[in-house]
Amino acid sequence: MAERREELLRSAIEQIEARGVTSVRIADVATALGVSNALVLYHFSTKEKLVAAAFGYAAEGDLAHLRKLLGRRTTALRRLRAAVRWYAPTGQAKGWRLWIEGWAAALREPALRDVTRGLDSQWKAAIAEVIAEGVAAGEFRCPDPMGTALRLTALLDGLAVQMTAYEGTVSRARTQEWVDEALARELGVEREALTAPGRR
């Protein structure tokens, strides 16, 4: 039962990325898996519930990976850089198209808005917590960890929209340079400190 539900959620994510939230249908998800519409409806009852659950599933995967990066046994600075580099549109984080679709649809769908807001809040809180750890350890200065987390997230999200919606507008190298510069500036360190050798 749980495996079937996960299959349906993964299929829904793929279909949303390919077709968009507004265009995806229950039938698209069912056809992709070779199952009936009735089976999808049995698990989720409506398209809106399926879409919200799919975003929730994707969010949990992203948050689990973020926690893994931030939980490594190394300096706060190295953990932050790893997390920001993974999340940035030049990193290994997948599904920017999915999240851009989600943000747009969340303007009209309260259930989806709750999911995207929850992910956003948890992401910022996790980043702010590691920043506070770094400040307490004397690694860097940051008078407002939550403000820094918000500004970094806004920058990353905005760059992701530019790179996804307007391919070629900004190069991957330039984007990564801006991300590193922003992180260094927010923490009051030299950019070179982000790549300095240290305990991994």
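Accessible areas were computed by the Shrake-Rupley method with a 1.4 Å probe. On this basis the protein, a predicted model, exposes about 10700 Å². Carbon and sulfur atoms supply 52% of that area. Of the 200 residues in the protein, 44% are buried.

Along the principal axes, the C-alpha atoms fill a box of roughly 55 × 35 × 30 Å. Contacts were examined between residues at least 6 apart in sequence. Of these contacts, 63% join residues at least 24 apart.

Charge was considered next. The protein carries 29 positive and 25 negative side chains. The centres of the two sets lie 2 Å apart.

Helix H1 spans residues 2-19 and has 18 residues. Its first and last C-alpha atoms are 25 Å apart, close to the 26 Å expected at 1.5 Å a residue. Seven positions need naming here: Leu8, Leu9, Ser11, Ala12, Ile13, Gln15 and Ile16 are the buried residues of H1. An α-helix has 3.6 residues a turn, so residues three or four places apart point the same way. The cover over the buried residues of H1 includes helix H2 (26-33) and helix H3 (37-44). Helix H4 (47-70) and helix H6 (96-106) also contribute to this cover. Just after H1, Gly20 adopts a positive phi of about 95°.

Notes:
Residues numbered from 1 in each chain as written. Predicted model: local features only at pLDDT ≥ 70, side-chain atom pairs only at ≥ 80, totals over all residues. Heavy atoms only, no water. Buried < 20%, exposed > 50% of the residue type's maximum accessible area, 1.4 Å probe, protein only. Contact = heavy atoms within 4.5 Å. Lys, Arg positive; Asp, Glu negative; His and termini not counted. Charge placed at Lys NZ, Arg CZ, Asp CG, Glu CD. Helix = DSSP H or I, 4+ residues; strand = E, 2+ residues; numbered from the N terminus. Expected span 1.5 Å × (residues − 1).
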